[in-house]
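Please take a moment to look over the sequence and the model before reading on. The paragraphs below are meant to be followed with both in view.

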Amino acid sequence: MGKVLTTRLACAVFLAALFACAPEAGEKKVSIGYVVQDLGNQYWVAMAEGVKARAAELGWEATVLDTRTDPARELANTEDLIEKGVDYLLVSPWDPDTGRTVVEVANKAGIPVAILDIGVAGGEVDTFIISENYEGGRLAGEYVASLLGNQGKVASIESNPGYVIVALRNKGFIDVMNEKGIAVVARQNADGQRSLGMTVMQNMLQANPDLNAVFCMSDEAALGALEAVDAAGLSRKVHVVGFDGTSDALESIRQGGMTATVAQQPFDIGVMGVDAAARKLSGGSNPETTYVPVKLLTKKDL
């Protein structure tokens with residue numbers, strides 16, 4: 001009972017601090033900015049929606065600027081938000097190296113920064129919010145192994161070389177394949193893009209026509225891979241498993257296309273980013289890293 005009361009009290013204190021940041025009539029609104037990797041990807045759209053939704057609840061002004069996969073635009077967007085005078089900056093960087101540059105620019109301007117996914121290679125970060133990527137890869141691996149009866153041939157379509165966090169998905173998957181004795185016959189990068197996912201999968205199927213399954217580091221790449229599988233007349237013979245839990249992927253699973261996806265919670269990560277800003281701006285502190293759980297979703301779950 002004491003733990004319950006303590007937990008309720010802690011929640012009440014946090015909520016009070018959170019809404020204390022909401023401006024009263026006549027006060028200047030709190031202003032935050034979000035530099036997001038690519039709004040052409042449903043995953044990032046959902047995260048941006050989470051940022052905007054929580055900011056609206058608090059009565060804050062939230063400006064979302066799209067990097068469009070361009071590091072130069074990412075830096076320009078950051079500089080624009082600093083010039084605008086935002087109180088707190090959220091960033092989902094294109095990659096860890098360009099992310100470091102962005103964080104260092106914000107540090108110089110004295111603006112606290114939260115990193116939502118991907119990670120950065122340097123700079124002073126207020127907090128880092130990220131999915132449990134390694135565990136997600138293991139979930140995908142265990143599922144694929146169960147489908148194949150711990151035998152057969154599999155491939156992995158990787159994403160964005162240099163993304164240490166995303167590489168953990170592949171490590172989790174490969175670790176399970178090695179534990180189960182399942183051969184990983186092909187590994188290739190598709191940069192998380194649907195069109196490249198299709199091209200990569202075409203090449204893999206030409207080299208390995210007896211492939212049984214493929215694990216993709218993103219749903220966009222998985223959807224592209226599925227197109228290649230269908231075009232080769234191998235529908236439902238090659239299991240396609242993705243990562244993210246986007247609406248297109250979930251619809252594909254419902255329709256019998258993709259076999260499964262490891263679902264992240266991008267909307268919630270966006271909300272958590274704004275909550276981190278509220279804690280910081282009200283004089284509180286944030287944990288160095290917050291890991292957000294993931295979940296394997298198949299047709300039976302939808």
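The model is a predicted one, in which local features need pLDDT of at least 70 and side-chain atom pairs count only at pLDDT 80 or more, while totals for chains, interfaces and linings use all residues. Residues are numbered from 1 along each chain as its sequence is written, and side-chain values use heavy atoms, with hydrogens and water left out. Helices (H or I, at least four residues) and strands (E, at least two) are DSSP runs numbered from the N terminus, and two strands are said to pair if DSSP finds at least two bridges between them.

Strand 1 runs parallel to strand 2, to which it is joined by 6 bridges, and Ile-32 stands opposite Ala-62 in strand 2. With strand 3 (residues 88-91), strand 1 pairs in the parallel sense over 4 bridges, and here Gly-33 stands opposite Leu-89. Strand 1, helix 2 (residues 42-58) and strand 2 together make a right-handed β-α-β unit, a crossover being right-handed if, with the strands pointing away from the viewer, the path from the first strand over the helix to the second runs clockwise.

In the loop between strand 4 and strand 5 lies Asp-117, which has a positive phi of about 75 degrees although it is not a glycine. Asp-117 is buried, with a relative accessible area of 1%; buried means under 20% relative accessible area, exposed over 50%, and partly exposed in between (1.4 Å probe, protein chains only).

The other sheet to follow is also an open one of 6 strands, in the order 7-6-8-9-10-12, but with mixed pairing. Strand 7 (183-189) and strand 12 (295-298) are its edge strands, each pairing on one side only. Neighbouring strands are turned by 20 degrees against each other on average, direction ignored. Strand 9 (residues 239-244) and strand 10 (residues 260-263) pair in the parallel sense over 4 bridges, and Asp-244 stands opposite Ala-263 in strand 10. Asp-244 has a positive phi of about 145 degrees although it is not a glycine, and it is buried, with a relative accessible area of 5%. Helix 5 (residues 133-148) lies across strands of this sheet including strand 6 (153-158) and strand 8 (213-216), running at about 165 degrees to strand 9.

Where does Ser-252 lie? Ser-252 lies in helix 9 (residues 247-254), and at 11% relative accessibility it counts as buried. Leaving aside neighbours within four places in sequence, Ser-252 is in contact (heavy atoms within 4.5 Å) with Leu-223, Leu-226, Gly-257 and Met-258. The side chain of Ser-252 reaches the backbone nitrogen of Met-258 at 2.9 Å.

How many salt bridges does a search of the whole structure find? The search finds 14, a salt bridge being a side-chain nitrogen of Lys or Arg within 4 Å of a carboxyl oxygen of Asp or Glu. In helix 2, Glu-57 and Arg-54 lie 3 residues apart, about one turn of the helix, and their side chains meet in a salt bridge (2.6 Å, N to O). The side chains of Glu-179 and Arg-138 also meet in a salt bridge (3.0 Å, N to O); Glu-179 lies in helix 6 (residues 164-180) and Arg-138 in helix 5, so the pair ties together parts that are 41 residues apart in sequence. Glu-179 counts as exposed at 51% relative accessibility, whereas Arg-138 counts as buried at 17%. Arg-138, Glu-142, Glu-179 and Lys-180 are linked in a network of salt bridges.

Conventions:
Axes are lines fitted to C-alpha atoms, for helices over the stretch in contact, and angles run from 0 to 180 degrees between N-to-C directions. A polar contact is a pair of N or O atoms within 3.5 Å; within protein, one must be able to donate a hydrogen and the other to accept it, and residues adjacent in sequence count only if both atoms are side-chain atoms.
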